[in-house]
Amino acid sequence: MVASLSGTLALVVGLAVLLLPLLASELSRPRDAMWGAVVLLLGLTLVTSADRLTGSPMLAVLCGGLLIGRLGLEVLQLRWRALTSEEQQRLLSLERWQTSLSELMVSVARGVAVVSAASGTVLAALQRGGGSKGSSGKRWVRSDAAESKYPQVSGEPAPKPSEPTPVVHSFAEIDQLLQSAVSQAG
């Protein structure tokens with residue numbers, strides 16, 4: 001239960017850190033995306049492995065989560081103090097957050113449109129060209145000869161019905177067949 005809750009919290013915090021450059025560019029730094037991905041990975045691990053984390057491993061996870069949270073709060077406070085008073089006032093205004101959220105929604109809508117167009121193109125290509133690459137172009141047809149009981153590939157010569165299929169009982173007979181085939185070919 002605790003692992004699931006802390007994992008969900010880590011997923012929310014990791015997503016917030018990833019969206020920080022879009023929502024509050026004044027507070028973001030170049031490596032924030034990497035740290036956001038690490039926190040998302042931690043959250044995903046906690047959520048998926050919640051049943052295995054009991055006892056002392058869960059205590060270690062809680063202590064690690066508290067340390068990460070405390071260090072994150074220190075970093076956020078340091079970044080906030082580095083802003084000028086004008087930037088702090090602008091960051092606290094409701095109008096700026098409405099603008100940032102509307103820009104985020106427009107970006108998400110464009111991303112969804114691009115992904116849907118790309119998936120439609122890929123799907124159309126798969127439907128249009130499905131199976132044409134794997135086929136060789138040869139078709140199986142039934143031969144006209146009544147003696148042949150096996151289908152034959154068009155373009156290949158039909159087996160001669162007068163020649164019986166040889167049955168081989170030893171390696172010596174195989175050698176004889178190979179020698180006769182070589183002498184007939186040469």
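Modeller: I will take helix α1, and the place to begin is that α1 and α5 are roughly perpendicular to each other, a description used for angles of 65 to 115 degrees, whereas under 35 counts as roughly parallel, over 145 as roughly antiparallel and the rest as oblique. The model is a predicted one, in which local features need pLDDT of at least 70 and side-chain atom pairs count only at pLDDT 80 or more, while totals for chains, interfaces and linings use all residues. Residues are numbered from 1 along each chain as its sequence is written, and side-chain values use heavy atoms, with hydrogens and water left out.

Two packed helices are described by the angle between their axes and the distance between those axes. For α1 and helix α5 (residues 94-128), the angle is about 110° and the axes are 10 Å apart; axes here are lines fitted to C-alpha atoms, for helices over the stretch in contact, and angles run from 0 to 180 degrees between N-to-C directions. Where the two helices meet, Leu19, Leu22 and Leu23 of α1 are in contact (heavy atoms within 4.5 Å) with Arg96, Trp97, Ser100, Leu101 and Leu104 of α5.

The pairing with helix α2 (residues 32-48) has its own geometry, since its axis and that of α1 come within 7 Å and cross at roughly 160°, and α1 and α2 are therefore roughly antiparallel to each other. Leu44, which lies in α2, is 34 residues from Ala10 in sequence, yet the two C-alpha atoms are 8.1 Å apart in space. Leu44 is partly exposed, with a relative accessible area of 47%, because buried means under 20%, exposed over 50% and partly exposed in between, using a 1.4 Å probe and protein chains only.

A polar atom of the Ser6 side chain lies 3.1 Å from the backbone oxygen of Ala3, and, if residues up to four places away in sequence are not counted, Ser6 touches Leu46 and Met58.

Along the sequence they follow the pattern α-α-α-α-α-β-β-α, and 16% of the 186 residues count as buried.

Conventions: A polar contact is a pair of N or O atoms within 3.5 Å; within protein, one must be able to donate a hydrogen and the other to accept it, and residues adjacent in sequence count only if both atoms are side-chain atoms. Helices (H or I, at least four residues) and strands (E, at least two) are DSSP runs, numbered from the N terminus.
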